[in-house]
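Colleague: Can we go through this model together? I would like to start with the contacts.

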Amino acid sequence: RLCSSDLLQLLDSLLQEMKVPPSLRSKYFIDGFFAPLKVLSPEEALQTSNEYQKYVDKFGNNGKLEGDLRFRVHLLAGWAHSLVHHPTLISAVKTALDSPNILCWSTDLCIKPANSDGHFTLHQDSTYSGLTPPTRVVTAWVALTPSTTSNGCLQMLPSSHQTQLEHCESQDSSNLLSLGQFIPDTQLEGLIGSEMAVELQPGEVSLHSWRCVHGSGPNTTDKDRVGFAIRYMTDEVENTKKVVARERATLVCGTAGYNWDLETSPNKDYGKKEMEQHKESMEREKKNYFDGKETKEFK
């Protein structure tokens with residue numbers, strides 16, 4: 001027999017599943033992405049945006065976040081940890097990946113300042129991460145501000161997630177990707193011109209496959225465009241670059257498997273232990289991600 005707490009948990013799980021659009025699984029499977037998914041209420045989205053701004057005020061350099069402190073924010077801040085574990089989002093991720101066992105590999109803040117030429121060239125998230133199999137990894141992109149065509153919203157190429165494509169690297173300073181990676185046009189035959197703009201309101205989310213080709217243009221408006229990207233994976237995923245460093249991950253639900261050292265939830269915003277844990281996770285990730293590259297730090 002179920003005890004009252006188990007019954008409440010089961011009912012809550014069923015309620016969250018009801019919030020997931022019935023078409024999510026099939027559209028994600030066919031197109032390689034799904035959007036929009038409503039996760040936060042307008043009030044919750046505003047509160048999260050305010051917490052983000054406090055984070056920038058604390059760690060930003062003249063109001064600009066750079067380097068490691070853009071990443072794995074869920075290890076430092078309660079608001080980011082809550083987003084990663086949001087029940088509606090987790091139900092959607094479990095549906096997309098068809099698994100009850102979910103971990104968070106990393107998170108990062110995707111910021112385009114107002115009136116800036118920074119952009120993301122067409123790329124696949126799978127290219128340098130080493131996460132295998134890539135079909136068991138998904139990026140959830142949470143809008144903290146409106147994300148529109150004019151301020152550089154995500155542009156997805158439908159059905160581009162079937163194979164890993166060749167990437168080149170450039171020294172273009174306006175390319176916000178750390179290695180300046182991009183997919184040559186010769187690799188995109190039949191896909192160029194099919195881009196779909198994924199416009200989101202604060203609190204809405206897009207899900208895209210680890211190999212879905214995507215990019216985004218510059219922000220031509222007078223306000224920053226901010227998103228919070230969460231990299232989820234199932235328990236069977238491993239990092240093929242782990243010969244350099246065994247990486248860490250956060251267990252979200254179910255079981256964790258055996259491929260990752262597990263991180264702990266933050267007990268205090270920006271506490272000493274939390275900062276130490278964040279540094280450890282970042283150092284291990286960078287050893288793998290930048291293995292064999294001249295660049296050793298994230299932008």
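**Contacts, core and rings**

Modeller: Leaving out neighbours within four places in sequence, L109 is in contact (heavy atoms within 4.5 Å) with Y52, Y55, L65, R70, V73, W79, L144, V226, G227 and F228.

Colleague: What kind of model is it, and how are residues numbered?

Modeller: This is a predicted model, where local features need pLDDT of at least 70, side-chain atom pairs count only at pLDDT 80 or more, and totals for chains, interfaces and linings use all residues. Residues are numbered from 1 along each chain as its sequence is written, and side-chain values use heavy atoms, with hydrogens and water left out.

Colleague: Back to the inside. How many residues are in the largest nonpolar core?

Modeller: The largest nonpolar core has 43 residues, and those with the most contacts inside it are W79, L89, L109, L207, F228 and Y232. Helix α5 (residues 87-97) gives the most to this core, with six residues. Such a core is a set of buried Ala, Val, Leu, Ile, Met, Phe, Trp, Tyr and Cys residues joined through side-chain atoms within 4.5 Å. Buried means under 20% relative accessible area, with a 1.4 Å probe and protein chains only. Helices (H or I, at least four residues) and strands (E, at least two) are DSSP runs, numbered from the N terminus.

Colleague: And how many aromatic pairs?

Modeller: The structure holds eleven aromatic pairs. One of them, Y55 with W79, is edge-to-face, at 6.4 Å centre to centre and 75 degrees between the planes. This pair links distant parts of the chain, with Y55 in helix α3 (residues 42-59) and W79 in helix α4 (residues 78-84), 24 residues apart. Rings of Phe, Tyr and Trp (its six-membered ring) pair if their centres lie within 6.5 Å; planes under 30 degrees apart count as stacked, over 60 as edge-to-face and the rest as tilted.

Colleague: Are Y55 and W79 buried or exposed?

Modeller: Both Y55 and W79 are buried. They also belong to one aromatic cluster with F59, F228 and Y270.

Colleague: Different topic. Which strands are joined to β14?

Modeller: Strand β2 (residues 102-112) runs antiparallel to β14 and is joined to β14 by three bridges. Strand β15 (residues 261-262) runs parallel to β14, with two bridges between them. Two strands pair if DSSP finds at least two bridges between them.

Colleague: Which residues face each other there?

Modeller: L103 stands opposite L251 in β14, and A249 has L262 in β15 as its bridge partner.

Colleague: How many residues of β14 are buried?

Modeller: Five of the six residues in β14 (residues 248-253) are buried, so the strand is mostly covered.

Terms used. Buried means under 20% relative accessible area, exposed over 50%, partly exposed in between (1.4 Å probe, protein chains only).
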